[in-house]
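Reader: I am new to this structure. Please take me through some of its parts by question and answer.

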Amino acid sequence: MSTTETIPVIDLGPYLAGQPGAMEAAAAELRFALTEIGFYFIVNHGVPPAQVRDAFQQAARFHSQPIERKMEIRIDRHNVGYLPLRGDTLRTSTVQTVTRANFNEALFIARDLPADHPEARVDRRFRGVNQWPANLPGFRESIAGYCDTMERLVLKLVPLYARALGLPATYFDGPFRDCQYKLRMTHYPHQDAPAVDDEFGIAPHTDTSFLTLLAPNEVPGLSIRTQSGKWIDAPALPNAYVVNGGQFLQRWTNDVFLATPHRAINRSGGERYALAFFCDSNIDWPVAAVPTTVGPDKPPKYPTTSYTDYMVQYQKRTYDLLADVNRDAAE
Amino acid sequence: MATETIPVIDLGPYLAGEAGALDRTAKELRFALTEIGFYFIVNHGVPREQIRAVFDQVKRVHDLPVERKLAYKINPHGTGYLPMRGNTLRTSTVQTGTKPNLNEAFFVKREMPADHPDVLADRRYRGTNRWPSELPGFREVVVGYCNTMEGLVKKLVRVYARALDLPATYFDTPFEDCQFSLRMTHYPHQEGPVEDEFGLAPHTDTSFLTLLAPNDIPGLSIRTQAGTWIDAPAIPDAYVVNGGQFLQRWTNDFFLATPHRAINRSGGERYAIPFFCDSNIDWPVAAVPTTVGPDKPPKYPTTYYTDYMAWYQKRNYDVLNAPDLQAAE
């Protein structure tokens with residue numbers, strides 16, 4: 001199996017337009033991308049450039065507030081809210097030993113559950129209400145709208161994942177109903193040549209997600225590690241989303257699909273913002289290898305995994321700021 | 001511990017949407033399918049008149065002269081008429097060397113429009129039904145009954161999902177456009193046992209689930225986990241439900257496929273109407289997430305309905321082995 005050193009570009013246009021054969025063609029490209037390099041770009045994805053631009057503006061607007069304002073909505077046990085600079089250390093990284101905190105700050109937004117939602121009312125972990133900034137009119141509408149657009153795109157993408165795995169196109173429809181997602185609105189301040197050589201905007205890591213949709217960005221900063229072990233910079237393609245999978249995708253596919261390590265450093269000389277939308281199946285869906293990736297001679301490599309259990313463990317290790325929260329009785 | 005009694009599950013509270021009823025029912029189902037592999041359902045919502053009407057149609061079709069019935073002889077899709085002694089259960093893991101079954105049956109599958117892509121492509125098991133032209137009204141009653149059965153299956157699979165500790169909707173998509181077969185069987189009366197001749201020899205079903213319509217005339221026996229053959233009682237208005245080889249594959253043998261057989265010693269004619277249901281023909285059948293893991297690998301390779309049934313029917317249906325039918329395989 002040959003691997004590639006180039007991130008493939010998948011044109012979703014024909015598939016989204018419903019052209020005959022387009023789904024199978026796109027699925028074949030997706031399979032190549034996810035077995036050979038673990039990252040791909042999508043173009044003609046149907047997300048209006050104006051909506052992407054607006055979401056970036058909201059990110060800049062949020063982060064330009066004084067730190068005290070941002071700290072009012074400090075990240076909570078549902079993993080929504082504000083994570084300050086150096087608030088997390090990727091100790092869970094299997095890519096390299098990471099001891100230094102990430103040089104970025106971020107606002108996390110989840111599905112916007114109403115306060116009277118049954119799960120929000122019982123304060124179910126990862127199903128809480130969002131922490132919206134109080135003094136930014138229009139912020140919530142704009143960002144909730146962007147999340148809706150991302151969710152719709154995910155629901156278009158999962159049939160391609162199904163076909164890429166030799167499954168019926170509807171295979172992931174059930175699992176992705178009321179899917180579990182998080183938007184990470186990140187601010188990477190400019191970093192000079194590293195003062196200390198293991199300080200990153202975000203240290204080498206793999207994501208936890210089934211898939212991550214990274215919004216088109218004019219300011220570069222992302223690097224990925226190919227199968228040959230080389231770090232390559234992801235080019236900034238106009239209007240193209242960068243997509244990759246994480247640890248849950250590995251579990252869904254018994255490692256047929258890759259979770260490729262990546263990192264970010266902002267050396268642009270200015271501010272860099274990034275909008276990463278992490279998406280997983282429904283919080284109650286058991287994650288196990290799909291039928292085409294297992295058998296009597298190919299047993300599952302991972303135990304069946306629940307989103308909540310996995311994320312609790314992961315975040316306990318990663319989010320320094322949550323240390324006190326995690327000691328709470330709720331655990 | 002296994003049980004020697006077929007449990008009765010009351011679907012009423014669950015179907016009425018009572019709080020907690022789904023999980024309570026799922027617990028009963030789990031017991032039934034891990035301990036004996038058969039259960040009755042009552043308060044299932046199927047109107048008594050509809051069941052009576054379909055039994056009338058079954059009698060009607062079998063009352064036709066055999067030459068007429070043979071005009072609708074069973075085809076490679078598994079629809080049409082299977083004559084008396086037309087199949088021998090060579091695939092049975094329960095008992096070997098039995099004689100052909102002493103029953104005749106008329107099989108109907110999902111009613112597909114003639115312009116359905118699968119029909120146009122003559123896709124195996126997705127062909128049109130063979131309706132006897134001399135029986136006006138037969139088709140409407142039988143199709144209506146199949147629709148009712150399908151509706152009931154869709155309610156039941158949610159209970160199966162919870163019984164397996166899965167989200168209630170786990171089987172919803174797999175059972176969209178599910179694959180089913182209605183077997184309208186006639187068991188003539190059998191005198192004292194001819195050696196190894198059964199109305200239907202000991203076997204397990206292939207299905208995910210089988211819904212056997214309430215029957216006033218007994219004839220079904222099942223083999224419990226202890227190895228004892230017990231007669232299924234005739235409970236008024238109660239469906240008998242069991243699982244087969246596909247259910248074993250879905251559950252990594254967590255749920256049973258219990259051997260059963262039928263002999264009609266009633267002195268009169270016996271009709272039986274099992275509805276065999278499986279997931280969508282394209283759905284890969286593999287062990288659900290709660291029944292496998294690194295230390296508990298899948299016992300079966302991922303299985304497709306078409307492959308499995310083609311193998312199964314080649315072994316069992318003597319009438320299908322006629323040269324003119326082989327080409328379609």
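Author: Helices (H or I, at least four residues) and strands (E, at least two) are DSSP runs, numbered from the N terminus. The expected span of a helix is 1.5 Å times one less than its number of residues. This is a predicted model, in which local features need pLDDT of at least 70 and side-chain atom pairs count only at pLDDT 80 or more, while totals for chains, interfaces and linings use all residues. Residues are numbered from 1 along each chain as its sequence is written, and chains are lettered from A and ligands numbered from 1 in the order in which they are written.

Reader: How far apart are the end C-alpha atoms of H6(B)?

Author: H6(B) has 26 residues, which at 1.5 Å a residue should span 38 Å. The model agrees with this, as the end C-alpha atoms of H6(B) are 37 Å apart.

Reader: At what angle do H2(B) and H6(B) pack?

Author: Axes are lines fitted to C-alpha atoms, for helices over the stretch in contact, and angles run from 0 to 180 degrees between N-to-C directions. The axes of helix H2 (residues 21-35) of chain B and helix H6 (residues 138-163) of chain B are 8 Å apart, and the angle is about 75°. That makes H2(B) roughly perpendicular to H6(B), where angles under 35 degrees count as roughly parallel, over 145 as roughly antiparallel, 65 to 115 as roughly perpendicular and the rest as oblique. The angle asked for is about 75°.

Reader: Which residues of H8(B) are buried?

Author: A residue is buried if 20 or more other C-beta atoms lie within 10 Å of its own, exposed if 12 or fewer, and partly exposed in between, with C-beta atoms placed from the backbone. The buried ones are Tyr305(B), Gln313(B) and Asn316(B).

Reader: Is Asn254(A) buried, exposed or partly exposed?

Author: Asn254(A) lies in the loop between helix H7 (247-253) and strand E11 (262-264) of chain A. Its phi is near 50°, a positive value in a residue other than glycine. With 19 C-beta neighbours inside 10 Å, Asn254(A) counts as partly exposed.
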